[in-house]
Amino acid sequence: MVRTLLLAGVIGVALAVLALLAAVMLTAQSLPTFREMMKSPQGQSVVVRAADGTELVTVGPSFGRWLRFDEIPPHMVAAMLAVEDRRFHWHPGVDPIGTARAFLVNLRAGRTVQGGSTITQQLARNLFLTNRKTWDRKLREAVLALAIERKFTKRAILELYLNRVYFGGGAFGIDAASRKFFGHSAQQLSVAEAAIIAGLVKAPSRYAPSADPERARARGAIVIETMRETGALSPAEAAAADTDAVSFAIARDQGDVRYFTDWVLAQLETLVDEATLPLEVTTTLVPAHQKAAEATVMTALPPGTQGAIVAMRTTGEVTAMVGGRDYATSSYNRATVARRQPGSAFKLFPYLAAIEDGLAPDSIVVDEPITIGGWSPRNDNRRFVGAVTARDAFARSINTVAVRLADRVGFETVAGMARRLGITTPISREPAMALGASEVTLIELTAAYAVVAAEGREVRPFGITRVTTADGRLLYRREEPAPRVLLAPHVAAHMTALLRAAVETGTARAAQIGRPLAGKTGTTTANKDGWFIGFTPELVAGVWIGRDDARPVPGLAGGRAPARAFAAFMRPALAGVPVGELNTAVEESIFGLEPDAEVYGLSDETAPPAEPEPAEPLSEAWLEEAITAPPAEAAAEPAPQP
């Protein structure tokens, strides 16, 4: 019985091998000639449209000059082999070692985290197949790769691959990529430039310099290290290849809307797997909002600074995005990529956590010295006002109160609140975190405020609503996800009341636009960053202003330029929109006490008398804030290259 089973197994394997060989031979005979492959069309045109159908950009394939193998710099070939297919000269088109390793890694992970495709398999997929991840496609890809290796030499395969593979930004082939990203022919590529190009193949939309120059440089540095490990570069040559010194040539076309279109195009490959047919992508962008945002960044930034604006609805639809002064000069998107300390704009989270713990706008808190672990936060005016309502403490952005609230509910709880509302960047658990010592991105912080504006419902920013082929075949339509409640309605209402007070009587008065508005300012140590995040019932927007190298900006504060920039954007963006009312109403029966009788977090010894003396009136000193405690300095973002 065992012998019969073994014999059947051997016969089965032999028949499978014969079938594979027959398939490979037949496929090899049917393959186009090398010259036909050189002329074969590749790539797709993608038209990106605004919410109203207006065309924003057209991203089409670009091809440079076809380079013969002996015209391609050897270090370009070496970089590609090092990072994509180290055993290229050994395998017959399919690498059993790489395939087995990828299978085991993916099996352990329970999902696909590593691919085992060789350069020949990638060429087969690019020329003849789609990116659809199915077993039959993988089998056809393997058969095609074996057939290509049977019909063409290794040099011919590399020549086809390097002239046809997609490198992002619409560039197909190394010459097109070199001209697009560096402004010169691929024959002139330096080692560092070749490494950057080789690094793009893994995820063109993610690593392309047109999407994120710093990520492209970092990926190129990994490729250089891989070349050193494989012996393609000596240690000295690897040390001399500095990707940080590489300058990118960004095309001067289509304006600052490219910050937004780059952001949505990076998401496209996760939504559809059509890689050849022309596509139409409908987005959430509102042209009037985008125009207002671009005009604001052009006119409202202090000299020598950069700025970013992002606007969204409470459904998560991003209606405007500007990631810097000038996309043509710097494509670095400060709205989605840059991580900066938010200063007092982060106080949203300790106050939300405290509201969940029972704090109400009229609860009494105390502004007095506090020391935690040897650290004592200070207020901007170096004074303490004693008993004060939570509403006034937030409006004045009193640092000691924010820290005291965070200490009471727990710094881990505050970090959990930030995570709950969508902050994904690392969050410190040190006391200074209550004053914004951790870094965030503008889009995530704006979305967190949008949760409050949405009365506690989850807000996930998105930019694509529909994808079709050019002939109208629907490939993707966004379905509204089931709503998740992140905050109880009364918590969102209380927080809105505090944010409204900050605009009407506190540090954010410069943001007023003549309609109900809620928001918060933020300023970091030495005036390195200025923030304002705010919302009306119709729209949420965030503004960041600072320098890419994180140097101080004299006079910068959240209540000045950022608040004024917010107002300059919101006025035209909301022109003609009926005035809505913010929801700050809360049923008093939710609480055990009348709000004005509630004393939050105070012992009998420290509680104020029944009729506390009125708090000191607001002064101009309260209008500008800064984190004057000694948290770690804001980490400098690398300055994008022009």
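Buried means under 20% relative accessible area and exposed over 50%, with partly exposed in between, and these words are used in that sense in the legends below, which describe close-up views of a predicted model.

**View 1. The salt bridge between E458 and R460.** The side chains of these two residues meet with an N to O distance of 3.0 Å. E458 has a relative accessible area of 24% and is therefore partly exposed, whereas R460, at 52% relative accessibility, counts as exposed.

**View 2. The salt bridge between E214 and R217 within helix α11.** Here the side chains of E214 and R217 come together at 2.7 Å, N to O. Both residues belong to helix α11, which covers residues 213-229, and because they are three residues apart in this helix, about one helical turn separates them. E214 counts as buried at 17% relative accessibility, and R217 likewise counts as buried, at 2%.

**View 3. The salt bridge between E581 and R500.** The closest N and O atoms of this pair are 2.7 Å apart. E581 has a relative accessible area of 52% and is exposed.

**View 4. A network of salt bridges that links R65, R68, D70 and E71.** Side chains of opposite charge can pair when their charged atoms come close. In this view the four residues R65, R68, D70 and E71 are joined through such a network of salt bridges, and the structure as a whole holds 25 salt bridges.

Methods
Residues are numbered from 1 along each chain as its sequence is written. This is a predicted model: local features need pLDDT of at least 70, side-chain atom pairs count only at pLDDT 80 or more; totals for chains, interfaces and linings use all residues. Side-chain values use heavy atoms; hydrogens and water are left out. Helices (H or I, at least four residues) and strands (E, at least two) are DSSP runs, numbered from the N terminus. Buried means under 20% relative accessible area, exposed over 50%, partly exposed in between (1.4 Å probe, protein chains only).
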